[in-house]
Amino acid sequence: MSETVRLEVEIAARPETVFGFFTDPAAFGSWMGAAMGRAEIDPREGGAVTVDFSPAGPVVRGEVTAVEAPRRFAFTWGYDGSDELPPGSSTVTFDLEPTDHGTRVTLEHGGLPTAGLRDGHRGGHRVYLSLLAAGAARAEHGARLPGLARAWFEAWNADEPEARQAAIAECLADDGEFRHAWAAVRGRADLSGHIAGSRSVMGGIRLEPAGKPEQCHGWMRFGWKAVKDGATVSTGENVAVLDGSGRLRLVIGFTDPGSRFAPEV
């Protein structure tokens, strides 16, 4: 009786973006085998798949058996010189399902002859799925990060309600939330009202970015500083979750210890 590995991962990217990491040879090589080796693929049915773990490990060979964009991709899997798991003797299948915030990828590696091979492959596939998830999220959202951060700060620095609301609409999801020690609001209208109230007691303080925004697996972080008369009076960081449209669906604000002023940003 053969053994099967089954794993799932939620990826903060559309199925079309994720599928490109199977059909673009460079993108495929950026995650499959990337932790310890290198991978090459001819992404058409019957095309060759090679994952080379040498000199420390074996060489995987197989061929593509399914290319069903953007729902399914599969290829066979086995090792050069192996009697236990020769090339083409097992199959790795990836099923992609759209979700509210991206894509659920289900991996099944069937046809493994022993429990030991099942357990060993489970660990490897978990690493490679993580690399796939990080890479696809970066491809989906990376270019948006500066614009999201810019709109967030524009909203906090806007005096006119119309300008503030436009900036919020650019960066915050329809039902997005903002949480801070001084804030617990949901939705664009509530955030606009919260910012207006905060600005009334901030005494001319402006919020400015501190460093470049970063993203990992659909989570974003961006630093801020509160500036008055050219002097920084407070610093902190926001951590946010991106939604399927690439906007912020949850923002958590942190103020650094020792700050002289703690605006709820």
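Hi everyone. When I say strand today, I mean a DSSP run of E with at least two residues, numbered from the N terminus. With that in hand, aspartate 243 sits in the loop between β12 and β13. Please keep in mind that this is a predicted model.

Is aspartate 243 buried or exposed? Its relative accessible area is 11%, and because the cut-off for buried is under 20%, aspartate 243 counts as buried. So what does aspartate 243 touch, once we leave aside its neighbours within four places in sequence? The contacts are His101, His141, Ala173 and Arg249. There is also a polar contact, at 2.8 Å, between the side chains of aspartate 243 and serine 245. As for arginine 186, 57 residues away along the chain, its C-alpha atom is separated from that of aspartate 243 by 15 Å.

Now the strands on either side of the loop. β12 and β13, which covers residues 248-255, are antiparallel and pair over 7 bridges. Within that pairing, glycine 236 is opposite threonine 255 of β13. The two strands make a hairpin with 5 residues between them, and in the turn glycine 246 has a positive phi of about 85°.

β12 has another antiparallel partner: 10 bridges join β11, residues 219-228, to β12, residues 231-242. Here alanine 226 has serine 234 in β12 as its bridge partner. This hairpin has 2 residues between the strands, and aspartate 229 takes a positive phi near 55°.

Let's move on to the packing. In soluble globular proteins, nonpolar side chains tend to be buried together. In our model, the largest nonpolar core has 37 residues, and Met32 and Phe94 have the most contacts inside it. Which helix gives the most to this core? That is α3, residues 115-141, with 6 residues. Methionine 32, not counting residues up to four places away in sequence, touches Ala39, Val51, Phe75, Trp77, Phe94 and Tyr128. Another core, of 29 residues, lies apart from that one, and includes Trp156, Phe178, Ala183 and Met202.

One last stop, in helix α1, residues 15-23, where we find glutamate 16. Glutamate 16 has a relative accessible area of 49%, so it is partly exposed.

How values were computed:
Residues are numbered from 1 along each chain as its sequence is written. This is a predicted model: local features need pLDDT of at least 70, side-chain atom pairs count only at pLDDT 80 or more; totals for chains, interfaces and linings use all residues. Side-chain values use heavy atoms; hydrogens and water are left out. A nonpolar core is a set of buried Ala, Val, Leu, Ile, Met, Phe, Trp, Tyr and Cys residues joined through side-chain atoms within 4.5 Å. Buried means under 20% relative accessible area, exposed over 50%, partly exposed in between (1.4 Å probe, protein chains only). Helices (H or I, at least four residues) and strands (E, at least two) are DSSP runs, numbered from the N terminus. Contact means heavy atoms within 4.5 Å. Two strands pair if DSSP finds at least two bridges between them. A polar contact is a pair of N or O atoms within 3.5 Å; within protein, one must be able to donate a hydrogen and the other to accept it, and residues adjacent in sequence count only if both atoms are side-chain atoms.
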